Amino acid sequence: MSSRAPGQGDLFVLDSPLLTEIRGEQSLMAYPFFALTKTAWKRSLIYKTESVSIEIGPGPRGVATIYDKEVLLYIASLLVAKLDAGETVAQDFYFTAHDLFRVTGVNGSARSYSRLSDALERLQGTQIKTNIEAGGEGQAGFFSWLSEAQLHYQKNARGEKRLKGVKVRLCDWLYRAILRDRRVLEYSPSYFQLGPVERRLYEVARSTCQDGAVQVGLDDLRLQLGYQNSLKHFRHVMKSIAEENCIPDYHIAMGDGPSVETLKGTRRTTAASTVTITPKASLPAS
């Protein structure tokens, strides 16, 4: 792979194909930077704890979704592969949609290309503000995941467009995080077959279960996943996930106990207040 910048005209050096596993930056795995939807999410997303602050504002096509994140994972993996190979790296990447679809398991239909175009617009339009440092630097104000995103076409003899490649420029924040911090983790190949909540649950498990099982409050987990529906609804979703045992490499167990949910000024007690996430590799053989 080469990191040379584009030359004159429409001559580019492709960064694809990706020949290594998919890898992602740990902060993007641990915290809710993306909407858990397939359709446009037009409202702001806010996540705040005592130490972490994240504000996500929608662009013209809404907030970038967990499915749009596939593009960032692909780019991050290309960047890490270059670093591992000792190559000079830059923030500009040029790759084929075909290779992106191959890695993420998407068929190359006309609808897929249209969705890719929408995803690039959301990644460029979404506004992010966070106090999470990247590469030893803090950053005030808002930024976008991609500071540039273009689809490059060629026309055949009949005047029909054929997509030649995708050119993007990765934001400074994520580029610094990968280049300097190198806190990147591999993803399970089956990640791309998961639904939106299952994807986020896998990411949280992958980024937090470094030293074994972890236990987290149900509402804390709901917020960390970026789940926008009620705690009651989230508990129902989590029970189904735990019963299906569908998270790659991790076992999910629900715990019973008092949990207080505030709804329109009223307080009510619910059950199943904790979730225990355990790496399957550490479980005794059945």
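In what order do the 3 strands of the open sheet that contains β4 stand? In this predicted model, the order is β4-β7-β6, and the pairing is antiparallel. The edges of this sheet are formed by β4 (92-95) and β6 (146-155), each of which pairs on one side only. Between neighbouring strands the average turn is 20°, direction ignored.

The protein as a whole contains 8 helices and 13 strands. It has 286 residues, of which 50% count as buried. Among contacts with a separation of 6 or more, 66% are made by residues 24 or more positions apart.

One of the residues involved is tyrosine 94, whose bridge partner in β7 is lysine 167. Lysine 167 counts as buried because its relative accessibility is 9%, and the cut-off for buried is under 20%. The side chain of lysine 167 also makes a polar contact of 3.2 Å with the side chain of glutamate 148. Helix α2 (residues 69-84) lies across β4, β6 and β7, and its direction is at about 105° to β4.

The largest nonpolar core comprises 83 residues, and those touching the most other members are Phe33, Phe95, Trp145 and Trp173. The element that gives the most to this core is α2, with 10 residues. In soluble globular proteins, nonpolar side chains tend to be buried together. When residues up to four places away in sequence are not counted, phenylalanine 95 touches Leu14, Ser16, Val71, Tyr74, Ile75, Leu78, Leu100, Gly165, Val166 and Val168.

A further set of paired strands involves β3. Strand β3 (residues 53-57) is mostly covered, with 4 of its 5 residues buried. Strand β2 (residues 45-48) runs antiparallel to β3 and is joined to it by 4 bridges. These two strands, β2 and β3, form a hairpin with 4 residues between them. In this pairing, isoleucine 46 stands opposite glutamate 55 of β3. Strand β3 is also joined by 4 bridges to β5 (residues 127-130), again in an antiparallel arrangement. Here glycine 57 has glutamine 127 of β5 as its bridge partner.

Another open sheet has 3 strands in the order β9-β13-β10, with antiparallel pairing. Strands β9 (214-217) and β10 (250-255) are at its edges; each has a single partner strand, so one side of each is left without a neighbour in the sheet. From one strand to the next, the twist averages 20°. The antiparallel pairing of β10 with β13 (residues 274-279) extends over 6 bridges, and isoleucine 252 has isoleucine 277 of β13 as its bridge partner. Helix α6 (residues 196-208) packs on this sheet and touches β9, β10 and β13, with its direction at about 100° to that of β10. Helix α7 (residues 218-225) also packs on the sheet and touches β9, β10 and β13; the direction of α7 makes about 90° with that of β9.

Key
Residues numbered from 1 in each chain as written. Predicted model: local features only at pLDDT ≥ 70, side-chain atom pairs only at ≥ 80, totals over all residues. Heavy atoms only, no water. Pairing = 2+ DSSP bridges. Axes fitted to C-alpha atoms, helices over the stretch in contact; angles between N-to-C directions. Contact = heavy atoms within 4.5 Å. Buried < 20%, exposed > 50% of the residue type's maximum accessible area, 1.4 Å probe, protein only. Polar contact = N/O pair within 3.5 Å; in protein donor to acceptor, adjacent residues only side chain to side chain. Core = buried A, V, L, I, M, F, W, Y, C linked by side-chain atoms within 4.5 Å.
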